[in-house]
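User: Please examine the structure shown here and answer some questions on its helices and its pocket.

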Amino acid sequence: METKIKISYELVMNQIYIIRGHKVMLDSDLSELYGVETKHLKRQVKRNVERFPEDFMFELNTEERKS
C-alpha cells in the first residue's frame, strides 16, 4: 500500500541550497520530509547506488558546513 503525503512547495523550495553550482537538499531535510532517520536514508542510497546518478550525493567540506 502506497502512502501519499502533501508537502508544500514553499517548504521544499526553502530546503534547496546552491552548493558547488548544484541545487541540493541536505540529507537531514530529506529524511525529515520522508519521515525516516538520516542513517536509514543514507544506507538505502548506498545499498542501491546503481539506481542513482554518480553525482547524486556528496559530502560537504569544512568551509561549506560553516556557511
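Predicted model: local features only at pLDDT ≥ 70, side-chain atom pairs only at ≥ 80, totals over all residues.

User: How are helix 2 and helix 3 oriented to each other?
Analyst: Two packed helices are described by the angle between their axes and the distance between the axes. Here the axes of helix 2 (residues 27-34) and helix 3 (residues 38-47) come within 8 Å and cross at roughly 100°. Angles from 65 to 115 degrees count as roughly perpendicular. The two helices are therefore roughly perpendicular to each other.

User: Which residues of helix 3 meet helix 2?
Analyst: From helix 2, the residues in this contact are Asp27, Ser28, Leu30 and Ser31. By class, the contact has 2 nonpolar, 3 polar and 2 charged residues. The partners in helix 3 are Thr38, Leu41 and Lys42.

User: Which residues in helix 2 are buried?
Analyst: Buried means under 20% relative accessible area. The cover over the buried residues of helix 2 includes helix 1 (9-13), strand 1 (17-19) and helix 3. The buried residues in helix 2 are Asp29, Ser31 and Leu33.

User: Which element gives the most to the lining of the largest pocket?
Analyst: The largest pocket holds about 530 Å³ of space. Of the 18 residues that line the pocket, the closest to its centre are Met25, Leu26, Asp27, Met57 and Phe58. Two or more lining residues come from each of strand 2 (22-24), helix 2 and helix 3. The element that gives the most, with 4 residues, is helix 3.

How values were computed. Residues numbered from 1 in each chain as written. Heavy atoms only, no water. Axes fitted to C-alpha atoms, helices over the stretch in contact; angles between N-to-C directions. Parallel < 35°, antiparallel > 145°, perpendicular 65-115°, else oblique. Contact = heavy atoms within 4.5 Å. Nonpolar A, V, L, I, M, F, W, Y, C, P; charged D, E, K, R; others polar. 1 Å grid on protein atoms, 1.4 Å probe; cavity = no way out; pocket = protein on both sides within 12 Å on 5 of 7 lines; lining within 4 Å. Points joined across faces, edges and corners; volume = space filled by probe spheres on them. Buried < 20%, exposed > 50% of the residue type's maximum accessible area, 1.4 Å probe, protein only.
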